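Open your viewer and get ready to click through a few stops. At each one you will hear what to select and what to look for there.

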Amino acid sequence: MFNRFMLVVVFVPLAVILIALAVANRDPVAFTIDPFNPGNPALTVTLPLFIFLFLALAIGKVVGSLAPWIKQGRYRRLARQRGVEAENLRQAVSRAPAAPQGPALPKPTS
């Protein structure tokens, strides 16, 4: 039910906006890497503007996702270390000899 809600409320309007953006910005634009010689054809790419906009959006999404992932690396490393430590303790407990089952001690009567 939540997935259907997300599809209808978020993704459908987002798709409509992106399609409208692509249709409105389909004129070719030149993107050059050389700021000193903008007419250099070896370092210039001419594509529709919406492609550059979508590429910028995708690159921003990747960079925005990588930043927290890198920042949280120490917590993932700590979780791995503690997981290995817990597994080692489980194995040590399973290998430990069982306590001898002797007769129960009588309760002191006073």
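Start by selecting Glu87, which is partly exposed, with a relative accessible area of 36%. Here buried means under 20% relative accessible area, exposed over 50%, and partly exposed in between, using a 1.4 Å probe and protein chains only. Before going further, note that this is a predicted model, in which local features need pLDDT of at least 70 and side-chain atom pairs count only at pLDDT 80 or more, while totals for chains, interfaces and linings use all residues. Residues are numbered from 1 along each chain as its sequence is written, and side-chain values use heavy atoms, with hydrogens and water left out.

Arg90 is exposed, at 52% relative accessible area. Helices (H or I, at least four residues) and strands (E, at least two) are DSSP runs, numbered from the N terminus.

**Where H2 meets H3**

Now show H2 together with H3. These helices pack at an angle of about 45 degrees, with their axes 4 Å apart. Axes are lines fitted to C-alpha atoms, for helices over the stretch in contact, and angles run from 0 to 180 degrees between N-to-C directions. The angle makes H2 oblique to H3; under 35 degrees counts as roughly parallel, over 145 as roughly antiparallel, 65 to 115 as roughly perpendicular and the rest as oblique. Select Trp69, Ile70 and Lys71 of H2 with Gly73, Arg74 and Arg76 of H3 to see the contact, where contact means heavy atoms within 4.5 Å.

**Where H1 meets H2**

Next, pick helix H1 (residues 2-24) and helix H2 (residues 49-71), which pack at about 140 degrees with axes 7 Å apart. H1 is therefore oblique to H2. On the H1 side, highlight Leu18, Leu21 and Ala22; on the H2 side, Phe50, Leu53 and Phe54. How do the residues of this contact divide? There are six nonpolar, no polar and no charged. Ala, Val, Leu, Ile, Met, Phe, Trp, Tyr, Cys and Pro count as nonpolar, Asp, Glu, Lys and Arg as charged, and the others, Gly among them, as polar.

**The aromatic pairs**

The count of aromatic pairs comes to two. Rings of Phe, Tyr and Trp (its six-membered ring) pair if their centres lie within 6.5 Å; planes under 30 degrees apart count as stacked, over 60 as edge-to-face and the rest as tilted. Select Phe31 and Phe52: with ring centres 5.4 Å apart and planes at 40 degrees, the pair is tilted. Phe31 is in strand S1 (residues 28-32) and Phe52 in helix H2, 21 residues apart, so this pair links distant parts of the chain. Phe52 counts as buried at 18% relative accessibility, whereas Phe31 is partly exposed at 45%.

Then select Phe50 and Phe54, whose ring centres are 5.9 Å apart and whose planes are at 70 degrees, so the pair is edge-to-face.

**Last stop: Leu49**

Finish at Leu49 in helix H2. Leaving aside neighbours within four places in sequence, Leu49 is in contact with Asn25, Asp27 and Val29.
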